[in-house]
Amino acid sequence: MIPRRHVRSALSRAVATLAVTLGLLAGGGLAATAGPPDPVRPGLPFPFPSENGPIQPPTTPFGPADDVIRDLGSPVSSLTVMEGAIGKLPDGRDVVYAVPAGENARLNVVDLHTRQLISATPLPGAAGGWAIVVAPDGSVYAGTYPNAHLYRYSPDTGTVTDLGQPIPGESQIYGLTADQDGNVYAGTYPTAHAFKYDPSNGQVTDYGSLDPVQQYARSTVYDPDHHKLFVGVSTPNARLLRIDVDTKAVEDITPPGTTAKDFIDLDYAGGRVFANASSRLVVVDAVTGEQVKFTDSATGTQVMDYPIAARGVSAAGPGGVYFTNNTLALTHYDLDTNTVGPVSPPRTLTRGASIGYGWVTENGVPVLYGLAGNYSGGTFRYNPQDGTLAQWSSPFQYAPSPLMHELADPVTGKVFVNVYLNGSTGIYDPATGKTTITTRQGQVEGWGWDGTGKMYVGIYPYGRLSLWDPTAPDSPTNPKELFSLVDSHHQNRPVSVVPAGNRVYVGTTPAYGEYGGALTVLDVPTGAFTVYRNLVPDQTIASVLPLGADVWAGSGIEGGQGTEPKASEAHLIKVDPSTGQVLSDIVPVSGAASINELIAGPDGNLWGLADGIVFVVDPSTGQVVRQIPVFGGVTGANDGALSWRDGYLYGVTGGRLFVLDILSGEATILRDHGLNRLTQTPDGTYYTLLRPDGYTSPTNLASYTPPVDGCPQSDIRSTVWTGNIDSHVVNRFLTYGCTLTDELPDAKSDWPSHAAYVSAVNKRVRELEDDGTVESWEGILIRVAAARSDVGK
């Protein structure tokens, strides 16, 4: 802060010399005594006094309206089915039930024989369902997300009853199973409870949170022979628990030496529990809890596990229980011989892994029906008696897709959107308003253009980086996987992907149950990559910004899912990308949980977003220059975006769209809810993901068009300069995009004389004084600066 006595002194000198200065204009003016202009930098406002108090910066004409964004609707509809179940209607029709993911998801009922959709009944508040089961009385129960409600469908009436949230505070229900009395059981996320729902009285029995660290009670199965409930607790270490449903006693019967991270599905048949343990079939004796050896029919050898790619195994039928292996071959486990292998003759499911089963009796013969694959409604019929297999697509309803990410093409202006969970990618064309579905990438956590029309894409859950050319046909090498970090370095979410020159920088969150994210540096010409983990101990690398020869990275305090943060505040570090050495380590915003975006400023500084606060750091010193609050609240590593336009900083964080006047330091919230991500097309339009009011997920694309910039390439230095002279008058925006400096005659023009320039400045300053935009003392200082400048000489 400049002392007020210096301000008065400067003003006195300016007034005293003004007459002399103006008098000398005709004779050639004064020699400039100042050096060249300083580089653009933020700086603090110069505190000149005013008779009426401090000058208030004018209100920028952003013109808040009822809603500044334009809702473009849902760009992608998709079909994502996580599990299905086979049942029978009161009129005897055999049907398949499923809950395709989508806002206010619907329970679909499809006739297995006519292959027609019978009904699609809304499940209000649900976005999808990981769990579905048919009870002995024919009722269908669905467990949903993100509300973790239990719904019951009555085939008699065709209606759905919302039974509420069995375990308060949970967001997912997994692994529904039923007993012979019609009670249903399931597990939950994120506190790994197991529960029973009794339909006779609506009572819920909570078996408690089953693990102090792991968040997923991922699967359950009821053992009708011994009246036990088996629960698979998952990530990072699979545990198998057995619960006495009456006494609530819990036993850990995890097979010794288990290395799996999860028990995705559990099923029961013939006194054995069948578990999908990280894509390996494991069999456990339901009474002794011991792992069962069985025979691989292909080799004749005894094995302890077998490859499986399926949502568990079917109920027992002719030939045992059935599932698909890792090549999608239909496979069975013979309960009588304890042998596993492909069916004969061999059959393969072409639509994907089996995700639901049921036995239907046709002409006295049990026939296996089921769903195959998550994304096409694939359905199959297998007759073990004659070995025939039929496959088709059931007409489940497509639904608006939850959106995960977006990125504008910097050349064409088309907007790429990625679908949450489903992994599909759509390309929205603003010119037509149409979206074209293209490559299924997987769930995109971060992506960026390389400058040649290709895109680097970071995929969850594999910690994978791919190179994709959207203009070329899909092939085994397009997209091309460059690396995967989940197994080698325990990283699974590439939340920041930044191509720069011959390198690509990737910031990741750690895998389930792990601490310590990483900065990965890919050398593009060689394909070699180096992983620097725990640069900020126990924290995620949430944002990355290359500046010069170094890389700045912002952390988030979170570890992988299933962990509680060990750290209390996010750090900003400067890293040597060739060695991984941390050159600087600062906390730009005390107590912030995540630094989720970094961007280079037009002033040469580093600008960042830490929770709801914008901060500015001088990269040469690491000093925090400014902090500008946008809102109060905690965000995460995948929340936050910043973008420069018209001399303003636009951003999205905490669901809000905001714009920051960097001269006044004032932030304006343009929309206060429902938004995520931000990307800018070449015409200056912003696109963001919109969660419509009442929805649980962002399903829509929305746009925001900033006001027209009246002064492109604005001078946004903190004080007003006249050529090479700093007037020390505070610069500010007068109208959108136009600063006080912009309103003065252009010092870079070809002036016929110095006098002509000074005269033009004097005339314009007088106009600004007359309309109240500039105080008289400011006008004096600007005139003096113009007179002292070398413009026109």
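Among contacts in the protein between residues at least 6 apart in sequence, 48% join residues at least 24 apart. The model described here is predicted.

**The protein as a whole**

- Of the 793 residues in the protein, 56% are buried.
- Taken along the principal axes, the box filled by the C-alpha atoms is roughly 115 × 55 × 50 Å.
- The protein has an accessible surface of about 31,300 Å², and carbon and sulfur atoms account for 50% of this surface.
- There are 51 positive and 79 negative side chains in the protein, and the centres of these two sets are 4 Å apart.

**Strand 4 and its side chains**

- Strand 4 spans residues 94-98 and is mostly covered, with 5 of its 5 residues buried.
- Asp94, Val96 and Ala98 point one way from strand 4, whereas Val95 and Tyr97 point the other way.
- The residues on both of these sides are buried.

**Pairing with strand 3**

- Strand 3, which covers residues 84-88, pairs with strand 4 in the antiparallel sense over 5 bridges.
- Opposite Tyr97 of strand 4 stands Ala85.
- A hairpin is formed by strand 3 and strand 4, with 5 residues between them.
- Gly92 lies in the turn of this hairpin and has a positive phi of about 95 degrees.

**Pairing with strand 5**

- Strand 4 also pairs with strand 5 (residues 106-111), in the antiparallel sense and over 4 bridges.
- Val95 has Asp111 as its bridge partner in strand 5.

Technical notes:
Residues numbered from 1 in each chain as written. Predicted model: local features only at pLDDT ≥ 70, side-chain atom pairs only at ≥ 80, totals over all residues. Heavy atoms only, no water. Buried < 20%, exposed > 50% of the residue type's maximum accessible area, 1.4 Å probe, protein only. Helix = DSSP H or I, 4+ residues; strand = E, 2+ residues; numbered from the N terminus. Pairing = 2+ DSSP bridges. Contact = heavy atoms within 4.5 Å. Areas by Shrake-Rupley, 256 points an atom, 1.4 Å probe, with all protein chains shown as cover. Lys, Arg positive; Asp, Glu negative; His and termini not counted. Charge placed at Lys NZ, Arg CZ, Asp CG, Glu CD.
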